[in-house]
Structure formats: structure tokens, C-alpha cells
Amino acid sequence: MIDNKRLKPISLVIMESLERRTTLSRKHTHYLKALQKGFEGELAFDRMTEQLGLGCIVVNDLFLQPSMSNAFQIDTVVIIGETIYLYEIKNYSGDYYYGSEMLLKKPDFEVSNPLIQVQSTKNKLKIFLKELGYTFEVKAFVVYVHPEFTLFYAPEDKTMILPTQLKSHFTALKNEMVAMKKPPKNFIKNFMTYKVKQPVFIEDIPNYQFSDLKKGMRCEKCGGFELSIYRQTYQCDNCSYKNIVNSVVLASILEYQQLFPTHKVSTHIVYSWCDEMVSKKRIRRVLNALSKNESRE
Ligand SMILES: [Zn+2]
């Protein structure tokens with residue numbers, strides 16, 4: 001069984017935390033919005049692949065490190081028989097103008113044409129499959145999922161799926177599934193052996209230090225700091241969300257670890273990170289439970 005839940009990219013987790021705990025520049029706010037929008041697009045596409053059912057294998061958010069070639073990332077693959085469908089998901093909205101190298105959004109915004117990127121990913125995947133000793137067919141697509149996306153002067157290109165073509169694309173996939181046999185035995189197992197954790201692209205993230213960041217625990221639902229803490233539970237003053245205190249302490253520790261992966265986690269530091277809103281005794285208990293869980297994994 002493949003663990004297929006698409007996790008929020010770590011860059012996005014860090015940027016959302018920094019948005020709450022510092023003041024982001026315009027450039028970084030723009031970067032955060034782009035990450036959020038990209039992730040929403042991926043989730044929207046996941047809802048479509050979930051409808052495909054059992055005749056295929058869907059793998060989301062793959063970062064592959066082949067043993068003989070460079071690592072690469074794929075948003076989604078769908079495996080039907082001995083064909084791999086590879087998707088690069090884009091959640092652009094508004095009016096864009098097609099260019100072979102760049103897509104232009106008036107008045108002055110442009111992005112590189114995703115068809116170039118997906119072609120390169122396709123080649124990497126083919127080399128990787130060859131390394132593994134498989135001769136699958138690879139079909140690559142750039143899929144634009146936002147319903148309000150228009151691409152003027154778009155060429156007729158089978159590699160590109162526009163919002164209005166999504167439905168027929170999935171219908172075609174379902175038809176493929178009927179005729180296809182299963183992929184070779186052990187293929188998925190072999191393939192997934194090369195999946196690695198995605199690195200964080202730190203160059204796009206602003207520099208930050210512990211002392212720069214606003215301290216406190218953030219509501220697990222809305223991310224706000226305004227919490228009323230009771231004996232065993234807390235309630236968010238902003239969105240009224242309720243949960244046990246230990247849960248938000250744990251979430252705060254995990255947030256700290258994601259922001260400072262090389263720092264040691266101590267009761268003292270978590271106490272300060274949580275803005276001294278809970279006792280050290282409670283923090284120690286949560287940390288102990290966490291370390292027991294980690295050693296069990
Ligand atoms: Zn809240």
C-alpha cells in the first residue's frame with residue numbers, strides 16, 4: 001500500500017509560520033502566496049485522480065533519487081498497465097499568452113513555459129526506468145487545473161491539458177484502464193525504493209533566527225496566537241476551535257523542529273518558544289511521549 005497523502009511542502013510550512021511570526025517582505029509574501037496556490041492546485045488535481053478507482057496506481061508528490069542519474073520531482077504519476085502518465089500541475093489563473101519559451105500574463109508577468117520542464121522530467125523518468133530495467137511508455141502532461149485559466153494562442157499540443165479538457169482526459173484514462181493488464185510484479189516496490197524526502201529550497205526563504213520570531217502557540221486550525229488555555233484543553237479566541245493542550249504543545253514542538261531542524265529541542269527552549277504559556281512539567285511530558293514515539297518508528 002502506498003502512503004499517498006500529499007503533505008504540505010516543507011517550504012510552505014516554514015513560510016506560513018514565518019508569516020505569523022515575523023513581517024514578510026512583499027517579495028516573500030508573493031512567494032508564500034505562490035506556494036499556497038500551487039499546493040491548492042495539487043490538492044484539486046488529487047481530488048480528480050481519486051475518482052479513477054482501483055484499476056490504476058496513483059503516486060503523488062514523488063521525489064526520486066536514481067542511483068545513476070540526478071534526482072527529480074514529479075507532482076503526480078498514474079500507472080496503468082505498462083504506461084506511466086506523468087503530470088506537472090499548474091494552478092495559474094487569469095489570462096495568459098502562449099509563447100514557446102515563456103507564458104506571459106499582461107501587463108508584465110511571465111513564467112517559463114511548463115512544457116519545457118515537463119519534457120525534461122519525462123526524459124529523466126525514462127532514463128530512470130531504463131536503469132531499473134523497465135520499458136514502460138511515458139506520457140507526460142502539463143495540467144492547468146484552475147477553472148479561470150485562459151491560454152491565448154495555445155497550440156494544439158497533446159502534452160497540455162487545459163481546464164476545459166480535464167473531464168475528457170479522465171474519461172480517456174478510465175477507458176485505458178479497462179483494457180490494460182496490471183503492471184509487472186514488484187514494479188511499484190522497486191520504483192518506490194528510490195523515493196527520497198524532498199529537500200527544502202532554502203534560497204527562496206528569508207533568513208530567520210530564533211530571537212527574531214514571535215513566540216507563542218498557534219491554533220491548530222486557523223494558525224492564530226490568541227488561545228485561552230484551561231487545565232487540559234484550550235480554545236482559540238479567533239475561530240473557537242477546541243482541543244487538548246498537549247496537542248497544541250506537540251504542534252508547537254513540531255513547528256519549531258521544522259523551522260530549526262538542526263537545533264536541539266529542550267524543555268527550556270520549548271518553554272520559551274511557547275511564550276511560557278504552559279508549564280515546563282507539561283512540556284517535559286509531551287517531549288517524553290514524542291521521543292518514545294520516535295524510537296518506536
Ligand atoms: Zn483558531
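In what order do the five strands of the open sheet come?

**View 1. The whole protein, a predicted model.** Here you're looking at 297 residues, of which 21% count as buried. Draw a box around the C-alpha atoms along the principal axes and you get roughly 60 × 50 × 35 Å. Among contacts with a separation of 6 or more, 58% are between residues 24 or more positions apart.

**View 2. The open sheet, strand by strand.** The order is E1-E2-E3-E7-E9, and the pairing is mixed. Strand E1 (57–64) and strand E9 (160–161) sit at the edges with a single partner strand each, so one side of each has no neighbour in the sheet.

**View 3. Where E1 meets E2.** Zoom in on E1 and its partner, strand E2 (residues 72–80): the two pair in the antiparallel sense, over seven bridges. To find your place, look for Phe-63, which stands opposite Gln-73 in E2.

**View 4. Helix H2 on the sheet.** Helix H2 covers residues 26–49 and lies across E1, E2, strand E3 (83–90) and strand E7 (137–144). Follow H2 against E3 and you'll see the helix running at about 145° to that strand.

**View 5. Helix H3 on the sheet.** Now pick out helix H3, residues 114–132, which lies across E1, E2, E3, E7 and E9. Its direction is about 155° to E7.

Terms used: Residues numbered from 1 in each chain as written. Predicted model: local features only at pLDDT ≥ 70, side-chain atom pairs only at ≥ 80, totals over all residues. Pairing = 2+ DSSP bridges. Helix = DSSP H or I, 4+ residues; strand = E, 2+ residues; numbered from the N terminus. Contact = placed C-beta atoms within 7 Å. Axes fitted to C-alpha atoms, helices over the stretch in contact; angles between N-to-C directions. Buried ≥ 20, exposed ≤ 12 C-beta atoms within 10 Å, placed from the backbone.
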